Amino acid sequence: MLLHIVARGRIGRSPEADLVDRYLKRIVWPTKVSELPDTGGKIPLVGEQTKRILLDEKGETLSSTQFARHLERWRDDGVREARFMIGAADGFDDAARDEADLLFSFGRATWPHLLARAMLAEQLFRATSILANHPYHREG
């Protein structure tokens with residue numbers, strides 16, 4: 001299953017970009033990052049068997065293990081792509097939220113978008129590590 005991050009804004013060469021690269025390189029599943037301008041731009045086509053996950057302040061706060069179980073279930077159900085959407089500064093509108101398969105939140109605090117991208121990359125690595133029974137994640 002492809003883990004695809006679609007993010008508004010350009011990360012460029014930055015410490016956050018280094019973190020994203022570091023974690024994505026560790027993931028053994030296929031990964032992809034698509035960047036869009038803050039407004040407009042062409043969103044990559046959504047293929048069949050794609051789950052859309054919006055990083056959204058109104059979303060569920062999941063533990064790393066719960067997040068991993070979502071990925072596991074989708075993978076086992078034949079989902080081809082898990083698409084993680086990171087919006088612009090104003091987030092997503094209600095229509096986008098309604099179309100999402102999952103609204104996912106990193107908690108009630110507000111995070112800079114570039115840092116949220118790095119946090120997502122780390123959580124994707126952690127989730128795939130959990131599913132592979134790798135010792136990276138320690139519970140409790």
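This is a predicted model: local features need pLDDT of at least 70, side-chain atom pairs count only at pLDDT 80 or more; totals for chains, interfaces and linings use all residues.
Of its 21 lining residues, Leu55, Asp56, Glu57, Trp111 and His113 lie nearest the centre. Strand 3 (50-61), strand 5 (102-105) and helix 4 (113-131) each give two or more residues to this lining, and strand 3 provides the largest share, with 3 residues.

A look at the second largest pocket comes next. Its volume is about 260 Å³, and 19 residues line it, with Ile43, Leu54, Met85, Phe92 and Ala96 closest to the centre. Two or more lining residues come from each of strand 1 (2-8), strand 3, strand 4 (81-86) and helix 3 (94-99). By class, this lining has 12 nonpolar, 2 polar and 5 charged residues.

Salt bridges round out the picture, and the whole structure contains 8 of them. One of these joins the side chains of Asp56 and Arg97, at 3.0 Å from N to O. This pair links distant parts of the chain, since Asp56 sits in strand 3 and Arg97 in helix 3, 41 residues apart. Asp56 is buried, with a relative accessible area of 6%, and Arg97 is buried at 14%. Arg83 and Glu81 form another salt bridge, their closest N and O atoms 2.7 Å apart; Arg83 has a relative accessible area of 1% and Glu81 one of 11%. In helix 4, Arg126 and Glu122 are 4 residues apart, so about one helical turn separates them. Their salt bridge has its closest N and O atoms 2.8 Å apart, and both residues are buried. Finally, a network of salt bridges links Arg10, Glu35 and Arg117.

Terms used. Residues are numbered from 1 along each chain as its sequence is written. Side-chain values use heavy atoms; hydrogens and water are left out. On a 1 Å grid over the protein atoms alone, a cavity is a set of points where a 1.4 Å probe fits but cannot get out, and a pocket is an open set with protein on both sides within 12 Å along at least five of seven lines; lining residues have an atom within 4 Å of a point. Grid points are joined across faces, edges and corners, and a volume is the space filled by probe spheres set on the points. Ala, Val, Leu, Ile, Met, Phe, Trp, Tyr, Cys and Pro count as nonpolar, Asp, Glu, Lys and Arg as charged, and the others, Gly among them, as polar. A salt bridge is a side-chain nitrogen of Lys or Arg within 4 Å of a carboxyl oxygen of Asp or Glu. Buried means under 20% relative accessible area, exposed over 50%, partly exposed in between (1.4 Å probe, protein chains only).
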